[in-house]
Amino acid sequence: MTERAYGSFAEFYPFYLSQHVHPVCRGLHAAGVLVVLTSGVLLLATGHPGLLALLPVIGYGFSWTGHFVFERNVPATF
């Protein structure tokens, strides 16, 4: 895999946008963020902080589904 180096956000942003064209992918990213934030607050409020370790799995699960299934590209985390 070739690693890309960007000198500025202005150089990076067009590539980022090209990896998030499908509206369902973008929606899954937004849903993942909302689910993680809501779950995190609820886990802390109910006294289950040990389950916070699951939050990255949940959040990335939404995003990875968007990339693999709808965008048909590889997420930057890989």
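# Aromatic pairs and helices: a short briefing

The structure holds eight aromatic pairs, where a pair means rings of Phe, Tyr and Trp (its six-membered ring) with centres within 6.5 Å. One of them joins Tyr 6 and Phe 15, which are stacked at 6.0 Å centre to centre with 25° between the planes; planes under 30 degrees apart count as stacked, over 60 as edge-to-face and the rest as tilted. Please keep in mind that this is a predicted model, in which local features need pLDDT of at least 70 and side-chain atom pairs count only at pLDDT 80 or more, while totals for chains, interfaces and linings use all residues. Residues are numbered from 1 along each chain as its sequence is written, and side-chain values use heavy atoms, leaving out hydrogens and water.

**Aromatic rings**

- A pair of aromatic rings is described by the distance of the centres and the angle of the planes.
- Tyr 6 counts as partly exposed because its relative accessibility is 31%; buried means under 20% relative accessible area, exposed over 50%, and partly exposed in between (1.4 Å probe, protein chains only).
- Tyr 60 and Trp 64 form another stacked pair, 5.3 Å centre to centre and with 20° between the planes.
- Tyr 60 and Trp 64 are separated by about one helical turn because they sit four residues apart in helix 3.
- Tyr 60 is partly exposed at 40% relative accessible area, and Trp 64 is partly exposed at 29%.
- One aromatic cluster is formed by Tyr 6, Phe 9, Phe 12, Tyr 13, Phe 15 and Tyr 16.

**Helix 2**

- Helix 2 covers residues 23-45, 23 residues in total, and reaches 33 Å from its first C-alpha to its last. Helices (H or I, at least four residues) are DSSP runs, numbered from the N terminus.
- That reach is close to the 33 Å expected at 1.5 Å a residue, where the expected span is 1.5 Å times one less than the number of residues.
- The buried residues of helix 2 are Cys 25, Leu 28, His 29, Gly 32, Val 36, Gly 40 and Leu 43.
- These buried residues pack against helix 3, with contact meaning heavy atoms within 4.5 Å.
- Just after helix 2, Gly 47 takes a positive phi of about 80°.

**After helix 3**

- Ala 76 lies in the segment after helix 3 (55-71).
- Ala 76 counts as exposed because its relative accessibility is 79%.
- From C-alpha to C-alpha, Ala 76 and Ile 58 are 17 Å apart in space, and they are 18 residues apart in sequence.

Key:
Helices (H or I, at least four residues) and strands (E, at least two) are DSSP runs, numbered from the N terminus.
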